[in-house]
Amino acid sequence: MSAAGETFDLDQMIIRNAEAAAAHVKAARTAISSVIFGQETVVERALITILAGGHALLVGVPGLAKTKLVETMGTVLGLDARRVQFTPDLMPSDILGSEVLEESAGGRRAFRFIKGPIFAQLLMADEINRASPRTQSALLQAMQEYHVTVAGERHDLPKPFHVLATQNPLEQEGTYPLPEAQLDRFLMEIDVDYPDRDAERRILFETTSAEEQKPRAAMTVDDLISAQRLVRRLPVGESVVEAILTLVRSARPGAEGPEQRYIAWGPGPRASQALMLAVRARALLDGRYAPSLDDVMALAEPVLKHRMALTFAARAEGESIAHIIRRLTERLG
């Protein structure tokens, strides 16, 4: 077979796989939206994060269904989901696991590793900023390396492995803010806002009736892994690549433009990687086989805002990171 024929067959295979994956993802999105109301953008970005193989930080006040979202996603995507409530006295062994000394019937003693809750496919780290830096770093190291080491022994985490962590933006007393290097491990920071009036009306009826809507499985683990592999194979046009590079590089101090005087430090190459994966995942979520410039503009804020900081002068003038990113994305068009 000629090289042209092989390329054609490969393209046809990618299209067939994309059609199947898009159907599964669409069904998952519909299933999640039947339980989580008024948070369409949050659901979309959380799904994009999972499809891109990353982790997300959910920021919102209590009572906005963050916990329910993670539980629902676990059921719908066919993942083993667990939840850990982070507190100041939580130790690394409480989430990673520990070794215990056991004695057999014959009197022999040996250590046995008991896995912690981190050995799940979808882990909700609730109020992650309430845990000590030691516990935070243990979790975030596992997020990056996909294994834990206890007593010198390596233990691989399940595949896939995703963390959806939450933070309360209001109460900061007694908390330990995540360092910038650890924030960079999250693919996205997703703001969870209040639902609109119509969505809240639906919440009132749906969640206080005799029979509450239950989530149903729409994908299997194999379906999800196939979709994640496909995301990395979707073609990206040169214009989209250039837009990603231009946007990320313009968000750093020292770049040309009027916004740079407000930026204290900006995103590194990991942000470009995250944005490249996220725009591919968004395209697949919409049933498209290649990302567009609109995907870059839609995902610029959640991918970049936790990877940037403003100068004191910018804060004094009332500037915000969201406004800066918005102006940078407008320059792309």
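Leucine 122 is buried, with a relative accessible area of 0%; buried means under 20% relative accessible area, exposed over 50% and partly exposed in between, computed with a 1.4 Å probe on protein chains only. The model is predicted, so local features need pLDDT of at least 70 and side-chain atom pairs count only at pLDDT 80 or more, while totals for chains, interfaces and linings use all residues. Residues are numbered from 1 along each chain as its sequence is written, and side-chain values use heavy atoms, with hydrogens and water left out.

Leucine 122 lies in strand S5. Strands (E, at least two residues) and helices (H or I, at least four) are DSSP runs numbered from the N terminus. Leaving aside residues up to four places away in sequence, leucine 122 touches Ile50, Val70, Met73, Gly74, Leu79, Asp80, Ala81, Arg82, His162 and Leu164, where contact means heavy atoms within 4.5 Å. Lysine 159 is 37 residues from leucine 122 along the chain, and their C-alpha atoms are separated by 9.7 Å.

In S8, histidine 162 stands opposite leucine 122. Strands S5 (residues 122-126) and S8 (residues 162-167) run parallel and are joined by four bridges; two strands pair if DSSP finds at least two bridges between them. Strands of a sheet pair through backbone hydrogen bonds, either parallel or antiparallel. Here, five strands in the order S2-S5-S8-S1-S9 form an open sheet with parallel pairing. Strand S2 (81-85) and strand S9 (188-191) stand at the edges with a single partner strand each, so one side of each has no neighbour in the sheet. On average, neighbouring strands of this sheet are turned by 20° against each other, direction ignored.

Ile50, one of the contacts of leucine 122, is among the buried residues of H2, together with Val42, Val43, Glu44, Arg45, Ala46, Leu47, Ile48, Thr49 and Leu51. Because 10 of its 12 residues are buried, H2 is largely enclosed by the rest of the structure. The end C-alpha atoms of helix H2 (residues 40-51) are 16 Å apart, in agreement with the 16 Å that its 12 residues should span at 1.5 Å a residue; the expected span is 1.5 Å times one less than the number of residues. Glycine 53, whose phi is positive, near 80°, follows H2.

The helical packing around H9 comes next. Two packed helices are described by the angle between their axes and the distance between the axes. Helix H9 (residues 238-250) packs against helix H10 (residues 269-285) at an angle of about 140°, with the axes 10 Å apart. H9 is therefore oblique to H10. Axes are lines fitted to C-alpha atoms, for helices over the stretch in contact, and angles run from 0 to 180 degrees between N-to-C directions. Angles under 35 degrees count as roughly parallel, over 145 as roughly antiparallel, 65 to 115 as roughly perpendicular and the rest as oblique.

The axes of H9 and helix H11 (residues 293-304) come within 10 Å and cross at roughly 30°, so H9 and H11 are roughly parallel to each other. Val240, Ala243, Ile244, Leu247 and Val248 in H9 meet Leu293, Val296, Ala300 and Leu304 in H11. The buried residues of H11, including Val296, Ala300 and Leu304, pack against H2, S9, H9, H10 and helix H13 (321-330).
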